[in-house]
Amino acid sequence: DEVQDGEGGVVGAAGPLYLRRDETTRKYTTITGQMRFDVADVASLVRHGVWEDVIMHEMGHVIGIGTLWYLNGLVDRSTLNYLGANAVNVWKNDWGCESTDAPPVEKDGRPGDGTYGGHWDE
């Protein structure tokens, strides 16, 4: 049980705790991670039917979505352009997205605040 900032603010935070590096690809993957939730928000999230969605979102951060992008060279730090070849290929060819060259990365906020550069832009 943990209160992070009270009801209505940050509802959760998550990420890898221990990593392994593949000797061939030199990419990092999660061995184990941690999720934390603000207990002040849980009842409201359950009531609105989004609690499981929040859990899944934070699980994504544990396995590296947004949290290992920089370490694995998947996002350009200066432009926040996503560089992962597979995702860019799906973005362009399977989904037909022509508005940008790659899936957009969140630019709201500031570096280190948990949102900037660590989420897909909505």
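Buried means under 20% relative accessible area, exposed means over 50%, and partly exposed lies in between, with a 1.4 Å probe and protein chains only. By that scale, Trp120 is partly exposed, with a relative accessible area of 35%, whereas Trp69 is buried at 4%.

Please note that the structure is a predicted model, in which local features need pLDDT of at least 70 and side-chain atom pairs count only at pLDDT 80 or more, while totals for chains, interfaces and linings use all residues. Residues are numbered from 1 along each chain as its sequence is written, and side-chain values use heavy atoms, leaving out hydrogens and water.

Let us stay with the two tryptophans. Rings of Phe, Tyr and Trp (for Trp, its six-membered ring) pair if their centres lie within 6.5 Å; planes under 30 degrees apart count as stacked, over 60 as edge-to-face, and the rest as tilted. The whole structure holds five aromatic pairs. One of them joins Trp69 and Trp120, a tilted pair with 4.7 Å from centre to centre and 50° between the planes. Trp69 lies in the loop between α2 and α3 and Trp120 in the segment after α3, so the pair ties together parts that are 51 residues apart in sequence. Helices (H or I, at least four residues) and strands (E, at least two) are DSSP runs, numbered from the N terminus. Together with Tyr82, these two tryptophans form one aromatic cluster.

Which residues make up the largest nonpolar core? There are seven: Trp69, Val75, Leu80, Tyr82, Val88, Ala102 and Val105. A nonpolar core is a set of buried Ala, Val, Leu, Ile, Met, Phe, Trp, Tyr and Cys residues joined through side-chain atoms within 4.5 Å. In soluble globular proteins, nonpolar side chains tend to be buried together. Beyond its neighbours within four places in sequence, Val105 is in contact (heavy atoms within 4.5 Å) with residues including Trp69, Leu80, Tyr82 and Trp120.

Leu80 counts as buried, at 3% relative accessibility.

Arg26 also has a positive phi, near 65°. Its place is in the loop between β1 and β2, and Arg26 is partly exposed at 44%. Strands β1 (residues 12-21) and β2 (residues 28-37) pair in the antiparallel sense over nine bridges; pairing requires at least two bridges found by DSSP. Within this pairing, Tyr18 stands opposite Thr32 in β2.
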